[in-house]
Amino acid sequence: MSQDQKKEVKPKKKQTKKKKKQNKSPRLHVDGIFMGYRRGLTTQKTGTSLIKIVGVSTRKESEWYLGKKVAFVYNASRHHNGSNVRTIWGKITSSHGNSGIVRAKFKRNLPAIAMGKKVRVMLYPSNI
(Lines give C-alpha, C1' and ligand atoms only; values in the text may rest on other atoms or scores of the structure.)
Protein backbone atom coordinates (compact mmCIF):
# COMPACT_ATOMS: atom_id res chain seq x y z
CA MET A 1 0.00 0.00 0.00
CA SER A 2 1.23 3.37 -0.85
CA GLN A 3 1.15 6.36 1.46
CA ASP A 4 -1.56 8.02 -0.59
CA GLN A 5 -3.94 5.17 0.13
CA LYS A 6 -3.17 5.15 3.86
CA LYS A 7 -3.91 8.83 4.31
CA GLU A 8 -7.45 9.52 3.45
CA VAL A 9 -8.09 13.17 4.09
CA LYS A 10 -11.59 13.97 5.23
CA PRO A 11 -12.84 17.38 4.28
CA LYS A 12 -13.42 19.63 7.31
CA LYS A 13 -16.94 20.75 8.01
CA LYS A 14 -17.54 24.46 7.95
CA GLN A 15 -18.64 25.84 11.26
CA THR A 16 -21.79 27.82 10.82
CA LYS A 17 -22.74 30.47 13.31
CA LYS A 18 -26.18 30.00 14.71
CA LYS A 19 -28.33 33.08 14.76
CA LYS A 20 -29.92 33.92 18.05
CA LYS A 21 -33.66 33.91 18.07
CA GLN A 22 -35.10 37.30 18.84
CA ASN A 23 -38.30 36.33 20.57
CA LYS A 24 -38.06 39.13 23.12
CA SER A 25 -40.26 42.12 22.65
CA PRO A 26 -38.51 45.50 22.63
CA ARG A 27 -37.88 47.15 25.98
CA LEU A 28 -40.43 49.87 26.61
CA HIS A 29 -38.82 51.50 29.62
CA VAL A 30 -35.78 53.45 30.75
CA ASP A 31 -34.22 52.95 34.16
CA GLY A 32 -34.45 55.63 36.79
CA ILE A 33 -33.47 55.94 40.44
CA PHE A 34 -35.78 57.06 43.24
CA MET A 35 -33.69 59.71 44.97
CA GLY A 36 -36.05 60.81 47.70
CA TYR A 37 -39.01 63.08 48.33
CA ARG A 38 -39.53 66.70 47.38
CA ARG A 39 -38.49 68.70 50.42
CA GLY A 40 -37.71 72.01 51.96
CA LEU A 41 -35.23 72.78 54.69
CA THR A 42 -37.37 71.41 57.52
CA THR A 43 -40.22 69.54 55.83
CA GLN A 44 -40.54 66.85 53.20
CA LYS A 45 -43.52 66.31 50.95
CA THR A 46 -43.84 62.55 50.64
CA GLY A 47 -46.58 62.85 48.01
CA THR A 48 -44.00 63.88 45.39
CA SER A 49 -41.00 61.69 44.58
CA LEU A 50 -37.77 62.80 42.88
CA ILE A 51 -36.45 60.52 40.15
CA LYS A 52 -33.12 60.65 38.33
CA ILE A 53 -33.53 59.17 34.83
CA VAL A 54 -30.45 57.42 33.46
CA GLY A 55 -28.99 59.34 30.51
CA VAL A 56 -30.85 62.61 31.22
CA SER A 57 -28.69 65.47 32.44
CA THR A 58 -30.48 68.71 31.52
CA ARG A 59 -33.88 70.22 32.14
CA LYS A 60 -34.57 70.35 28.40
CA GLU A 61 -33.96 66.60 28.03
CA SER A 62 -36.21 65.83 31.00
CA GLU A 63 -39.16 67.71 29.48
CA TRP A 64 -39.66 64.88 26.96
CA TYR A 65 -40.56 62.54 29.84
CA LEU A 66 -43.37 64.72 31.24
CA GLY A 67 -46.61 62.72 31.41
CA LYS A 68 -44.88 59.34 31.10
CA LYS A 69 -45.81 56.48 33.43
CA VAL A 70 -43.44 55.28 36.16
CA ALA A 71 -43.45 51.87 37.84
CA PHE A 72 -41.75 50.79 41.06
CA VAL A 73 -41.52 46.98 40.92
CA TYR A 74 -40.70 45.07 44.10
CA ASN A 75 -40.99 41.61 45.64
CA ALA A 76 -43.43 41.16 48.50
CA SER A 77 -43.11 38.46 51.13
CA ARG A 78 -46.49 36.86 50.41
CA HIS A 79 -47.86 35.45 47.18
CA HIS A 80 -50.94 37.13 45.74
CA ASN A 81 -52.59 35.97 42.51
CA GLY A 82 -49.80 33.43 41.95
CA SER A 83 -46.88 35.88 42.26
CA ASN A 84 -45.11 37.91 44.87
CA VAL A 85 -44.13 40.70 42.45
CA ARG A 86 -45.96 43.97 43.08
CA THR A 87 -45.98 47.32 41.31
CA ILE A 88 -46.73 50.88 42.40
CA TRP A 89 -47.65 53.06 39.41
CA GLY A 90 -47.15 56.79 39.04
CA LYS A 91 -46.78 59.60 36.54
CA ILE A 92 -44.05 62.18 35.89
CA THR A 93 -45.48 65.63 36.59
CA SER A 94 -42.67 68.17 36.14
CA SER A 95 -38.95 68.83 36.05
CA HIS A 96 -37.02 69.52 39.23
CA GLY A 97 -33.99 71.77 39.00
CA ASN A 98 -31.64 72.03 36.05
CA SER A 99 -29.88 68.65 36.24
CA GLY A 100 -32.51 66.42 34.65
CA ILE A 101 -34.28 65.23 37.79
CA VAL A 102 -38.06 64.91 37.52
CA ARG A 103 -40.97 64.91 39.97
CA ALA A 104 -43.44 62.06 40.02
CA LYS A 105 -46.65 61.34 41.86
CA PHE A 106 -47.52 57.72 42.65
CA LYS A 107 -50.93 56.23 43.43
CA ARG A 108 -49.55 55.15 46.79
CA ASN A 109 -46.54 57.05 48.09
CA LEU A 110 -43.29 55.16 47.67
CA PRO A 111 -41.90 53.72 50.90
CA ALA A 112 -38.73 55.29 52.32
CA ILE A 113 -36.92 51.95 51.99
CA ALA A 114 -37.17 52.39 48.20
CA MET A 115 -34.75 55.36 48.17
CA GLY A 116 -31.82 54.57 45.91
CA LYS A 117 -33.67 51.71 44.21
CA LYS A 118 -34.54 51.43 40.52
CA VAL A 119 -37.82 52.49 38.97
CA ARG A 120 -38.97 51.95 35.40
CA VAL A 121 -39.84 55.04 33.39
CA MET A 122 -42.14 53.81 30.65
CA LEU A 123 -41.90 55.30 27.16
CA TYR A 124 -45.65 55.65 26.90
CA PRO A 125 -48.00 57.46 26.55
CA SER A 126 -46.21 58.96 23.57
CA ASN A 127 -46.36 62.67 22.78
CA ILE A 128 -45.20 62.23 19.19
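**Exercise 1. Strand pairing**

In which sense do strand 1 and strand 2 pair, and over how many bridges?

*Solution.* 
- Step 1. In this predicted model, strands 1 and 2 run antiparallel and share 7 bridges.
- Step 2. Pick out one bridge. Arg 39 has Gln 44 of strand 2 as its partner.
- Step 3. Turn to strand 5. Strand 2 pairs with strand 5 too, in the antiparallel sense, over 4 bridges. Ile 51 stands opposite Val 102 there.

**Exercise 2. Order of elements**

How many helices and strands are in the protein, and which pattern do they follow along the sequence?

*Solution.* 
- Step 1. Count the elements: 2 helices and 6 strands.
- Step 2. Read along the sequence. The pattern is α-β-β-α-β-β-β-β.
- Step 3. Check the contacts. Of those between residues at least 6 apart in sequence, 58% join residues at least 24 apart.

**Exercise 3. The largest nonpolar core**

Which residues of the largest nonpolar core touch the most other members? Which elements give two or more residues to this core?

*Solution.* 
- Step 1. The core holds 18 residues. Ile 51, Ile 53, Tyr 65, Ile 92 and Phe 106 touch the most other members.
- Step 2. Assign the core to elements. Two or more residues come from each of strand 1 (29–39), strand 2 (44–53), strand 3 (69–80), strand 4 (83–96), strand 5 (101–106) and strand 6 (118–122).
- Step 3. Zoom in on Tyr 65. Leaving out residues up to four places away in sequence, Tyr 65 touches Val 30, Ile 53, Val 56, Ile 92, Val 121 and Leu 123.
- Step 4. Of the protein's 128 residues, 26% are buried.

**Exercise 4. Aromatic rings**

How many aromatic pairs does a search of the whole structure find? Classify two of them, then judge the burial of their residues.

*Solution.* 
- Step 1. The search gives 3 aromatic pairs.
- Step 2. Phe 34 and Tyr 37 are edge-to-face, 5.5 Å centre to centre with 70° between the planes. Both Phe 34 and Tyr 37 are buried.
- Step 3. Phe 72 and Tyr 74 are stacked, 5.6 Å centre to centre with 20° between the planes.
- Step 4. Apply the cut-off: buried means under 20% relative accessible area. Phe 72 has 8%, so Phe 72 is buried. Tyr 74 has 25%, so Tyr 74 is partly exposed.

**Exercise 5. A charge over a ring**

Where does the charged end of Lys 68 sit?

*Solution.* 
- Step 1. Find Trp 64. The charged end of Lys 68 sits over its ring.
- Step 2. Read the distance: 4.3 Å from the ring centre.

Note on methods:
Residues are numbered from 1 along each chain as its sequence is written. This is a predicted model: local features need pLDDT of at least 70, side-chain atom pairs count only at pLDDT 80 or more; totals for chains, interfaces and linings use all residues. Side-chain values use heavy atoms; hydrogens and water are left out. A nonpolar core is a set of buried Ala, Val, Leu, Ile, Met, Phe, Trp, Tyr and Cys residues joined through side-chain atoms within 4.5 Å. Buried means under 20% relative accessible area, exposed over 50%, partly exposed in between (1.4 Å probe, protein chains only). Contact means heavy atoms within 4.5 Å. Two strands pair if DSSP finds at least two bridges between them. Rings of Phe, Tyr and Trp (its six-membered ring) pair if their centres lie within 6.5 Å; planes under 30 degrees apart count as stacked, over 60 as edge-to-face and the rest as tilted. A charge sits over a ring if NZ of Lys or CZ of Arg is within 6 Å of the ring centre and within 35 degrees of the ring normal.
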